[in-house]
Amino acid sequence: MQIKELAKKYNLGKDDFWELARGSTKKWIILHSAVEKIATMEGIIFDVPKVYIDEDHTAVMMIGKARLGDIETWTTGEASPNNCKNPHFVAMSEKRLRGRLTLKLIEAYQYGIYSEDEADAFRRTNA
């Protein structure tokens, strides 16, 4: 699924995603709100994740599963000062988990489509 097909299928507008170009590498970055819209439209069911927090509360990892029809997948979401400028590590870990699960279930990664929550490097600087 290319970005145009994804946009049409989920009724996304030009403000829901943007292109990140670094050298010869190009990725489409989709906003968290658009990922949540996709999850809702598809009827993705998220299980309650297992949450791991380090003893000084500066690193959070969530492991979770989600289902889309008969397809089930699992992944992680993590946040710490090493990979996240946002100090709300629990919230960022959850956003990364839900975004990754959604994009895996709709097979978006194979087409270079990523959630803005994947990495601080995926934040739009000219918005």
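Figure 1. Buried residues make up 39% of the 127 residues in the chain. What you're looking at is a predicted model, so keep that in mind for every view below. There are three helices and seven strands here. Starting from the N terminus, the elements run α-β-β-α-β-β-β-β-α-β. The radius of gyration is 15 Å, close to the 14 Å that the globule rule gives for 127 residues, so the chain is as compact as a globular protein of that length.

**Figure 2. The chain's outline, surface and charges.** Taken along the principal axes, a box of roughly 45 × 40 × 20 Å holds the C-alpha atoms of the chain. The accessible surface comes to about 7,600 Å², and 51% of that surface belongs to carbon and sulfur atoms. As for charges, count 19 positive and 19 negative side chains, with the centres of the two sets 6 Å apart. Now for who touches whom: among contacts with a separation of 6 or more, 48% are between residues 24 or more positions apart.

**Figure 3. A look into the largest nonpolar core.** This core has 23 residues. Which of them touch the most other members? They are L6, L12, I30, I38, I44 and I106.

**Figure 4. H32, a histidine in helix α2.** Find H32 in helix α2. Is its place buried or exposed? H32 has a relative accessible area of 16%, and that is under the 20% cut-off, so H32 counts as buried. Setting aside residues up to four places away in sequence, H32 touches K95, E116 and D117.

**Figure 5. K9, a lysine in helix α1.** K9 sits in helix α1. With a relative accessible area of 48%, K9 is partly exposed. Look across to M41 as well: K9 and M41 are 32 residues apart in sequence, and their C-alpha atoms are 9.8 Å apart in space.

**Figure 6. K50 and its contacts.** K50 belongs to strand β4, which covers residues 50-53. Its relative accessibility is 55%, and K50 counts as exposed because the cut-off for that is over 50%. Which residues is K50 in contact with, leaving aside its neighbours within four places in sequence? They are M61, M62 and I63.

**Figure 7. Two loop residues with a positive phi.** N11 has a positive phi of about 55° although it is not a glycine. You'll find N11 in the loop between α1 and β1 (17-22), and N11 is exposed, with a relative accessible area of 60%. Then there's E107, which has a positive phi of about 60° and is not a glycine either. E107 lies in the loop between α3 and β7 (113-115).

**Figure 8. G69, a glycine in a loop.** Look for G69 in the loop between β5 and β6 (71-79). G69 has a relative accessible area of 65%, so this glycine is exposed. How far is G69 from G23, C-alpha to C-alpha? The two glycines are 46 residues apart along the chain, and their C-alpha atoms are separated by 38 Å.

Note on methods. Residues are numbered from 1 along each chain as its sequence is written. This is a predicted model: local features need pLDDT of at least 70, side-chain atom pairs count only at pLDDT 80 or more; totals for chains, interfaces and linings use all residues. Side-chain values use heavy atoms; hydrogens and water are left out. A nonpolar core is a set of buried Ala, Val, Leu, Ile, Met, Phe, Trp, Tyr and Cys residues joined through side-chain atoms within 4.5 Å. Buried means under 20% relative accessible area, exposed over 50%, partly exposed in between (1.4 Å probe, protein chains only). Helices (H or I, at least four residues) and strands (E, at least two) are DSSP runs, numbered from the N terminus. The radius of gyration is taken over C-alpha atoms; the globule rule is 2.2 Å times the number of residues to the power 0.38. Contact means heavy atoms within 4.5 Å. Accessible areas come from the Shrake-Rupley method with a 1.4 Å probe; for residues, only the protein chains shown count as cover. Lys and Arg count as positive and Asp and Glu as negative; His and the chain ends are not counted. The place of a charge is taken as NZ of Lys, CZ of Arg, CG of Asp or CD of Glu.
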